[in-house]
Amino acid sequence: MSRPGNTTRITDSSTETDASQQGIDVTEVRSAHGQPRPSGLEFARMPSAAERTRTLVQGTCSAELLIPGAATAGPDLLTPDARAVGPDGEILLLHPAGSPAVRAATHAQDDELPAVLELTDVAPVAVPNRIRGRARVSGWLTRVPGLAEPGHMMLRLEVGELYLDDLWGTGTVTPEEFTRAAPDPLRRYETELLQHLAAAHDSRLLTLAALLGERAGTGESAVRQVVPLALDRFGLRVRCRDSERRMFDARFDFPEPVRDVHGLRRAMHALFEAAAEESGAFHDRHPD
């Protein structure tokens, strides 16, 4: 078990190799007495695997429906136009009426067709190893006539198995856990906020390095760039790069979970304020 301030290595979701082999290691950072401080991964507050899977399914990441016999149709023809989760945990997928997915479901025996929904989550800003997560949802596909507008057909994927591989780790999720879970409330704002931070506030992001302690380095080995990588109701994850282009991730927990965009603004303000105070204290301790 790691201790506060230690580096915890996890598998980077963009590859099947250990993150250390990609030059990336992960330092989780949580708040202590309301201020972000380095911490081991096991101390970080985090959404459950079921919540993270539900967020991917109901979010904006790319999705492809894999169906036996329809694999040669091309991913663009097997990508749903829209998707949602029903009250019993079923996944509703909107497809053009003439799509290979609808044709396959129409001609399936016993009105059930084995299928897999593959989801790929890509960071909305330019960072190395940009894929943040993948999920696979296996189940059975049926048509749901009458729910879609003319020219489209709604397909229902009854969930059987779920597998997740993301920035937090890998694991399975049961259909019951998936049904009970809720998507992260910030999923609708994440892309816009991360892109805005990266484009307009790179200098403020760099001040977060002051909260990393020894991990931020000093002198020639100090952190030179901090890029926003992911956001959820519990905190912000960034990817740091030093002058020698070594990279590691750091996560900053919010003082309390965020429920909406108004709470997010307050949490981000508190985070940057804490970084500014720590940066000022550092310069006081180490004057030029």
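My entries on the salt bridges follow.

**Ground rules.** I am working with a predicted model, where local features need pLDDT of at least 70, side-chain atom pairs count only at pLDDT 80 or more, and totals for chains, interfaces and linings use all residues. Residues are numbered from 1 along each chain as its sequence is written, and side-chain values use heavy atoms, with hydrogens and water left out.

**Entry 1.** How many salt bridges does the structure hold? I found eleven, taking a salt bridge as a side-chain nitrogen of Lys or Arg within 4 Å of a carboxyl oxygen of Asp or Glu.

**Entry 2.** I looked up aspartate 166, whose side chain meets that of arginine 52 at 2.7 Å, N to O. The aspartate belongs to strand E8 (residues 152-166) and the arginine to helix H1 (residues 49-58), so this pair ties together parts 114 residues apart in sequence. Helices (H or I, at least four residues) and strands (E, at least two) are DSSP runs, numbered from the N terminus. Both aspartate 166 and arginine 52 are buried, meaning under 20% relative accessible area with a 1.4 Å probe, protein chains only (exposed is over 50%, partly exposed in between).

**Entry 3.** Next I checked glutamate 190 and arginine 132, whose closest N and O atoms are 2.8 Å apart in a salt bridge. Helix H4 (residues 187-200) holds the glutamate and strand E7 (residues 131-144) the arginine, so parts 58 residues apart in sequence are tied together. Glutamate 190 and arginine 132 are buried.

**Entry 4.** Arginine 251 and aspartate 253 form a salt bridge at 3.5 Å between the closest N and O atoms, and both are buried. I also noted one network, in which salt bridges with shared partners join Glu51, Asp184 and Arg233.
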